[in-house]
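Subject: Structure handover

Hi,

Please load it first, then read the notes below.

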Amino acid sequence: MKIKFPENFLWGAATSGPQSEGSKDKPHLNVMDKWFQLHPEDFHNQVGPEITCNSYEKYPEDIELMQRINLNSFRTSIQWSRLIDDLETGTVNQKALKYYRDYFSRLKKANIKLMVNLYHFDMPWELQEVGGFANKHVVDLFALYAKRCFESFGDLVDMWSTMNEPIVPVEAQYLYKWWYPYISDYKLAAQVGYNTILAHAKAVKEFKILFANDSKKEITVVLNLTPSYSKDDKPENIKAAKLSDEFFNKSMLEAAVNGRFNQEFIDVLKADNVLPEFNKSELDIIANNRIDFLAVNYYQPRRIQGREKPYSGENMPDKHFENFDWAEKRINPHRGWEIHPETIYNIAMDIKNNYNNIKWFISENGMGVEGEEKFKNQDGVIQDDYRIDFIKEHLYWLHKAIQEGSNCFGYQMWTFIDCWSWANSFKNRYGFVSLDLKTQARTIKKSGTWISNCIINNEFEIEENLVNKN
Ligand code: BGP
């Protein structure tokens, strides 16, 4: 069956500054750089973020590769810890300015639509030390940094995003101790979540002021949506799944799209005694500075039930729900994440029906695989047919949603060239292009060639066995 996409559909790939540039010439460390210095043993094979893909030096070559696989869009992020010399006054580092301007200009010349994100988990270390987004002064410094970015690159960037997955540091750094500084504190996490939304809204405010006379300039936030499915129809499980959605999806989605928080969510935070400190003028900033379009990272859903036994642990969101292991799930064993392509359709319909059919696109989707070298053919090209099937299945459901009126205008994969990741380093590879860590050589994978054909034709052929495979 042929699947055809609308004209001008954006096809691309996403990465981030801290995961692709390397740290050469940066005036500051960020929290991930420092975490590696303090605890290299936390990182897969003890590989840190100093080099990553060295896109700091190799970006001209990278852009040529993007052209070879016909990408018409690309996302990366500016590193706060690279661009700004004096974090308090927001003075711009001249080397960084030159680097990003050249990088972005070359993308423009190559006709690749550029989306630039401002924050991808990479809090400058000095600011992390004073609390990161737990500190409202840091919120203001973020808005200042955002303003510098808009001023410095406004002429080169097609689409802007304030942050990537703002709920993730709340979970990883302040609730579940996955990442440095390994805090588990529900009240603090709620404050960090709220302050992060405020930082986003203050950045949007700077954007709207600076570009008040240019209605073509648009800004978003990249949200990772992980819809919660209830184990069954029992009211206590449905309620638990709904609440899990409030915490991990709707909190950010409502604030970004509708400028508000759901009353049900506020009531739960109040009852749990963790309501963050806020004031009326901050709520006004959130209400008045909404996004122009939405960017969605989709990897996996959540499977949720009510607590089976009475909860006796610490005060945590988890007192209201727990994960359940769905026996029928398909899983990517390398990353441990469920593969459920149909969820992309459900997300699209939720946006259509409950978020004013706001225009949106998939800003990340992907499959991380360990040990891909074993799939190399004689020419050294990785035969990642599993990734091609993964993309086809997700695009099938996305296309169905578009046919049913979803306002989706693009699809970007995580990632372009295999990149470094938080704690996992280079364990799981996601790219259309493989990276040899010793030589830094880049080689297009089979999926890279596949996507280049898909982009040229704006369509692809899907086999019957991949349709409705869920
Ligand atoms: C997303 C992040 C990316 C990227 C990706 C893959 O949540 O935005 O930064 O890393 O997930 O995840 P991981 O690298 O942990 O496998």
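Start with strand E4, residues 113-117: four of its five residues are buried, so the strand is mostly covered. Keep in mind throughout that this is a predicted model.

E4 has partners on record here. Strand E3 (residues 73-77) runs parallel to E4, joined by five bridges. Ser73 is bridged to Lys113 in E4. Strand E5 (residues 159-164) also runs parallel to E4, with three bridges between them. There, Met115 has Met159 of E5 as its bridge partner.

Next, the ligand. It is surrounded by 14 residues, and the closest are His120, Glu165, Arg335, Ser421 and Tyr430.

- Asn164: a polar side-chain atom sits 2.8 Å from a ligand oxygen.
- Glu165: a polar side-chain atom sits 2.6 Å from a ligand oxygen.
- Arg335: a polar side-chain atom sits 2.6 Å from a ligand oxygen.

On its own the ligand has 380 Å² of accessible area, and the protein covers 93% of it.

Now the helices. In H11 (residues 263-271), Phe265, Val268 and Leu269 are buried. Why do they lie on the same side of H11? Because they cover an arc of only 100° around the axis. Their cover includes helix H9 (186-210) and helix H10 (235-258). Just after H11, Asn273 takes a positive phi of about 65°.

Ser251 belongs to H10. Its relative accessibility is 6%, so Ser251 counts as buried; the cut-off is under 20%. Leaving out residues up to four places away in sequence, Ser251 touches Ile167, Ile197, Glu246, Phe261 and Phe265. Phe265 is also one of the buried residues of H11. The Ser251 side chain reaches the backbone oxygen of Phe247 at 2.8 Å. Ser251 and Ile266 are 15 residues apart along the chain, and their C-alpha atoms are separated by 9.5 Å.

There is also an open sheet of three strands, in the order E7-E9-E10, with mixed pairing. Strands E7 (228-230) and E10 (322-323) stand at the edges. Each has a single partner strand, so one side of each has no neighbour in the sheet. Strand E9 (residues 302-305) pairs with E10 in the antiparallel sense, over two bridges. Ile304 has Asn323 of E10 as its bridge partner.

Last, some backbone geometry to check. Most residues other than glycine have a negative phi, and most peptide bonds are trans. These go the other way:

- Tyr180 and Pro181 are joined by a cis peptide bond, with omega about 10°. Pro181 is in the loop between helix H8 (167-174) and H9.
- Tyr182 is in the loop between H8 and H9. Its phi is positive, near 50°. Tyr182 is partly exposed, with a relative accessible area of 27%.
- Trp414 and Thr415 are joined by a cis peptide bond, with omega about 10°. Thr415 is in the loop between strand E15 (408-414) and strand E16 (428-429).
- Asn8 is not a glycine, yet has a positive phi of about 65°. Asn8 is in the loop between strand E1 (2-4) and strand E2 (10-14). At 70% relative accessibility, Asn8 counts as exposed.

Best wishes

Key: Residues are numbered from 1 along each chain as its sequence is written. This is a predicted model: local features need pLDDT of at least 70, side-chain atom pairs count only at pLDDT 80 or more; totals for chains, interfaces and linings use all residues. Side-chain values use heavy atoms; hydrogens and water are left out. Buried means under 20% relative accessible area, exposed over 50%, partly exposed in between (1.4 Å probe, protein chains only). The arc is that of the directions from the helix axis to the C-beta atoms. Contact means heavy atoms within 4.5 Å. Two strands pair if DSSP finds at least two bridges between them. A residue is near a molecule or strand if one of its heavy atoms lies within 4 Å of it. A polar contact is a pair of N or O atoms within 3.5 Å; within protein, one must be able to donate a hydrogen and the other to accept it, and residues adjacent in sequence count only if both atoms are side-chain atoms. Accessible areas come from the Shrake-Rupley method with a 1.4 Å probe; for residues, only the protein chains shown count as cover.
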